[in-house]
Amino acid sequence: ARPLGTRAELETFGNRNSRSAQCMPSDFEPEERVQKTIEALVDLCEDSKIAYYFRGKTALLLQGMQLAEPLQEVAISIQWDFMKQVHVALQEHAPSPIRDFATAREHGASFCVELNETTVVVQCRNAFVIAADPGRVEVALNVNLGSQRRVWVQSVYSVREEAEAKEPVWAQQVTSHLAALQETTAAGNNAAWGDADVYTAWVQRFGPPEEWAAEIARNPWARLEPFGTLLGDVQGQKVVNLLGSHGTK
């Protein structure tokens, strides 16, 4: 079995009472309902000191990615040994039964519940420490959701890695989003380091590039102190300084 979450899986989940059958995703969930649902889940986890992070498209929304379609469900992973406690805490909302699942990558359990007319899929990975997951990062809630509260989410890179195996088209959309972020970062770096005032400051300190290059060439080892003594003989080798902020090393 795989984790519950898709519309087809929720439709065929099994016998439920009329209230728990409301776990079905609606065709459209306004952002304010999603926000209230996310904040309610964060309150529940933080009040009980339960490690968590939002997954998949929910995580991407919280990190500023514009989704092609309205979010159909809120996906959250919690620390596995608190699964029953969270299920009990949500009993007034008639959650579906907890069901085990197994994939090639993980074993765990999941259930769904409806909060604020928004479908929530709660999932856990057995014997896995959520707080130690390298793909778990803390971010401020997307300003589009009207809050600057900080929450834990699955990183964009981690979402893409999972999507590449299951949803290659969706993975490509995530890749495009990362490329756009890189362009924004590059533009900011260019503005910071390529500004005419910055260049002028370097020239005033070291002189014109041609003169300073000649100075470096006359005594390159002097520019490598105190690291020069650690390099040994590098005659005939090519060396690059990846952390140099300018060309004086």
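**Entry 1: an aromatic pair in the interior.** I started with two rings. Tyr 52 is buried, and Phe 54 is buried as well. I keep in mind that this is a predicted model. I then looked at how the two rings sit. Tyr 52 and Phe 54 form an edge-to-face pair, with 5.7 Å between centres and 75° between planes. The count of aromatic pairs comes to 3.

**Entry 2: the other rings.** I moved on to Phe 206. Its partner is Trp 212, and this pair is tilted, at 4.8 Å centre to centre and 45° between the planes. Is Phe 206 buried or exposed? Phe 206 has 17% relative accessibility, so it counts as buried, the cut-off being under 20%. I also looked for a cluster. Trp 202, Phe 206 and Trp 212 form one.

**Entry 3: charges over rings.** Lys 57 lies over the face of Trp 170, 4.6 Å from the ring centre. Arg 136 does likewise over Trp 152, at 3.8 Å from the ring centre.

**Entry 4: the whole chain.** I stepped back for totals. The protein has 249 residues, and 37% of them are buried. I counted 10 helices and 7 strands. For contacts between residues at least 6 apart in sequence, 59% join residues at least 24 apart. The accessible surface is about 15100 Å², and carbon and sulfur atoms account for 53% of that.

**Entry 5: the core.** Which residues have the most contacts inside the largest nonpolar core? They are Phe 54, Ile 76 and Ile 78, in a core of 40 residues. Helix α2, residues 31–47, gives the most to this core, with 6 residues.

I listed what Phe 54 touches beyond its sequence neighbours within four places. Ile 38, Leu 41 and Val 42 are among its contacts. Ala 59 and Leu 62 are also included.

**Entry 6: strand β2.** I wanted to know how enclosed β2 is. 5 of its 5 residues are buried, so the rest of the structure largely encloses this strand. I then sorted its side chains by direction. Val 74, Ile 76 and Ile 78 point one way, while Ala 75 and Ser 77 point the other way.

Next I looked up the neighbours of β2. Strand β1, residues 52–54, runs antiparallel to β2 and is joined to it by 3 bridges. Phe 54 has Ile 76 as its bridge partner in β2. Strand β5 runs parallel to β2, with 4 bridges between them. Ile 76 stands opposite Val 122 in β5.

Entry 7: Gln 79 sits in the loop between β2 (74–78) and α4 (83–89). Gln 79 counts as buried because its relative accessibility is 11%, and the limit is under 20%. What does Gln 79 touch, leaving out residues up to four places away in sequence? The contacts are Ile 50, Ala 51, Phe 128, Val 129 and Ile 130.

**Entry 8: the β3 and β4 hairpin.** Strand β3 covers residues 99–102 and pairs antiparallel with β4 through 4 bridges. A hairpin of 4 residues joins the two strands. Within the pairing, Arg 99 has Ser 110 as its bridge partner in β4.

Entry 9: Most residues other than glycine have a negative phi. Glu 117 is an exception here, with a positive phi of about 60°. Glu 117 lies in the loop between β4 (107–115) and β5 (118–125). Its relative accessible area is 46%, so Glu 117 is partly exposed.

Ala 127 also has a positive phi, of about 55°. Ala 127 lies in the loop between β5 and β6 (136–140). With a relative accessible area of 68%, Ala 127 is exposed, as the cut-off is over 50%.

Methods. Residues are numbered from 1 along each chain as its sequence is written. This is a predicted model: local features need pLDDT of at least 70, side-chain atom pairs count only at pLDDT 80 or more; totals for chains, interfaces and linings use all residues. Side-chain values use heavy atoms; hydrogens and water are left out. Buried means under 20% relative accessible area, exposed over 50%, partly exposed in between (1.4 Å probe, protein chains only). Contact means heavy atoms within 4.5 Å. Accessible areas come from the Shrake-Rupley method with a 1.4 Å probe; for residues, only the protein chains shown count as cover. Rings of Phe, Tyr and Trp (its six-membered ring) pair if their centres lie within 6.5 Å; planes under 30 degrees apart count as stacked, over 60 as edge-to-face and the rest as tilted. A charge sits over a ring if NZ of Lys or CZ of Arg is within 6 Å of the ring centre and within 35 degrees of the ring normal. A nonpolar core is a set of buried Ala, Val, Leu, Ile, Met, Phe, Trp, Tyr and Cys residues joined through side-chain atoms within 4.5 Å. Two strands pair if DSSP finds at least two bridges between them.
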